[in-house]
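Thanks for coming. I will go through one model today, starting with how its chains meet and ending with a single residue.

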2 protein chains.
Amino acid sequence: MTPPDGSGAAFSPTPRSQVRRRPQRAAYDEATVFGILDAGIMAHVGYVIDGQPFVTPTAYWREGRKLYWHGAAASRMLNTVGDGAPVCVTVSFLDGFVVGRSGITHSLNYRSVMAFGRARLTNDLTVKRAAMDAFIDRLYAGRPVKLRPTTDEELTRIALVEMEIEEASAKVKDTGVTELAADDGWAAWFGVFPVETRIGAALPDPRAGCAPTADLSPYAEGRRLDEALAAAAYGLPVST
Amino acid sequence: MTPPDGSGAAFSPTPRSQVRRRPQRAAYDEATVFGILDAGIMAHVGYVIDGQPFVTPTAYWREGRKLYWHGAAASRMLNTVGDGAPVCVTVSFLDGFVVGRSGITHSLNYRSVMAFGRARLTNDLTVKRAAMDAFIDRLYAGRPVKLRPTTDEELTRIALVEMEIEEASAKVKDTGVTELAADDGWAAWFGVFPVETRIGAALPDPRAGCAPTADLSPYAEGRRLDEALAAAAYGLPVST
């Protein structure tokens with residue numbers, strides 16, 4: 001996968017994806033939207049069964065303007081959304097706690113993307129095999145060839161969903177405390193607590209006969225997960 | 001707020017919340033469900049407008065079997081869900097990457113809760129003031145009295161949503177690699193990369209005239225966020 005190319009390409013919002021609250025925090029360009037999507041691994045997929053909304057956390061990956069996720073062939077979620085039903089895929093990162101001197105100036109810093117489209121199940125085994133290898137390779141570049149090959153029977157038990165992103169919006173809040181005039185002089189501490197998600201120390205399986213190989217190098221202990229995932233997606237080195 | 005009381009109380013799953021995939025990972029008891037909810041701060045709220053699902057990330061808190069969240073009074077999400085529409089509130093934590101010796105044994109470790117109910121907007125200013133103070137107090141015990149009091153005008157601009165949890169299910173995966181017989185002998189490294197979300201160094205506003213006070217003590221640099229949030233909710237000390 002390559003990073004967003006800086007071409008300035010953008011999604012065109014309709015009322016479905018237009019950000020109404022705090023539009024100054026919104027973005028629709030591919031660089032921002034893809035930058036957030038490529039830094040994540042777990043999405044929250046929203047879908048509807050008989051009027052009831054469901055939100056399922058699931059691993060995903062992006063290629064171009066398509067999102068992919070997968071699961072068991074018997075999954076209710078996948079069988080529901082896989083026939084072209086409308087879905088909303090949301091990816092978010094909590095980046096900090098904003099602590100003010102009045103209740104209303106307390107908030108969170110975050111990055112998020114809402115992507116809308118229609119999901120399609122793919123049954124072709126060749127397509128599924130290539131997609132599953134692409135997912136592994138997106139996370140752990142060069143790893144698929146080191147693995148015991150996936151069997152047709154295993155592929156049959158996997159449901160693969162592909163969603164063309166019809167529209168998407170990003171929303172980013174990365175600020176300090178927005179003080180109000182009335183807060184002036186109150187003695188409470190105010191500021192921001194950042195929050196970071198990082199990789200811990202690798203836990204080798206006792207039967208693993210070798211050290212982690214280069215495909216696993218983005219996930220070094222102490223690295224930020226969002227940076228590691230983006231670096232792995234783009235084949236870039238990760239700064240510590 | 002008090003921790004789940006160990007009474008063994010549990011939600012009764014219907015087909016809406018019954019976990020079908022990997023039911024051995026599912027739980028419906030309050031101790032497990034509330035334990036996950038109380039360790040989080042950002043939920044993904046799913047709702048439906050004209051058949052289209054939306055998933056909005058939002059800050060939330062729990063009291064008993066009720067979930068609360070809030071936002072701008074003009075918010076589409078809140079005005080849509082606030083009239084008793086069905087919603088699904090999902091909270092999830094990514095805990096690790098499971099790296100196997102075949103594609104199908106790669107997975108993620110996680111904890112998640114899906115909670116179902118009907119959301120109601122509350123317009124009573126007294127109720128809203130108490131709820132917003134409760135939210136600040138749940139995060140930062142003792143802080144509300146230190147803050148510039150919230151005005152009626154500010155409360156009017158806030159929409160407060162209350163949702164009675166009708167049913168909820170938790171799903172937890174916390175395993176090593178589930179090796180298959182066919183994977184035996186393949187030379188690839190296999191094991192788990194844990195993932196942790198921790199508090200960073202506090203960033204005081206330059207105008208803050210004091211050091212962080214006791215209400216902020218759960219959020220000490222380097223502490224796990226999930227443990228800090230649970231400790232703050234229950235008034236417990238946080239282990240480092």
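Before anything else, a definition: two residues are in contact if their C-beta atoms, placed from the backbone, lie within 7 Å. This is a predicted model, where local features need pLDDT of at least 70, side-chain atom pairs count only at pLDDT 80 or more, and totals for chains, interfaces and linings use all residues. Residues are numbered from 1 along each chain as its sequence is written, and chains are lettered from A and ligands numbered from 1 in the order in which they are written.

Now the interface. On chain B, 76 residues are in contact with 76 residues of chain A. The elements of chain B that give two or more residues to this side include β2 (42-49), β3 (52-63), α3 (125-139) and β8 (191-199). Here helices (H or I, at least four residues) and strands (E, at least two) are DSSP runs, numbered from the N terminus. β8(B) gives the most, with 9 residues. By class, this side of chain B has 45 nonpolar, 18 polar and 13 charged residues. Nonpolar here covers Ala, Val, Leu, Ile, Met, Phe, Trp, Tyr, Cys and Pro; charged covers Asp, Glu, Lys and Arg; the others, Gly among them, are polar.

How are the two copies related? Chain B can be laid on chain A with an RMSD of 0.0 Å by a turn of 180 degrees and a shift of 0.0 Å along the axis, which is the relation of a two-fold axis. The superposition is by least squares on the C-alpha atoms of residues with pLDDT of at least 70 in both copies. In chain B, the C-alpha nearest the axis belongs to B:Thr197, 2.0 Å from it. The same surface serves both copies, as 100% of the contact residues of chain B recur in chain A.

Strands also pair across the chains, where pairing needs at least two DSSP bridges between two strands. β8 of chain A (residues 191-199) is joined to β9(B) by 2 bridges, running antiparallel. There, A:Val192 has B:Leu203 as its bridge partner.

Within chain B, β5(B) and β6(B) pair antiparallel over 13 bridges, with B:Pro86 opposite B:Arg118 in β6(B). β6(B) also pairs antiparallel with β7 (residues 158-173) of chain B, over 13 bridges, and B:Ala119 has B:Met163 as its partner in β7(B).

Last, B:Trp69, in strand β4 (residues 66-72) of chain B. Buried or exposed? B:Trp69 counts as buried because it has 24 C-beta neighbours inside 10 Å; the cut-offs are 20 or more for buried, 12 or fewer for exposed, and partly exposed in between. Leaving aside neighbours within four places in sequence, its contacts include B:Ala43, B:Tyr60 and B:Val161.
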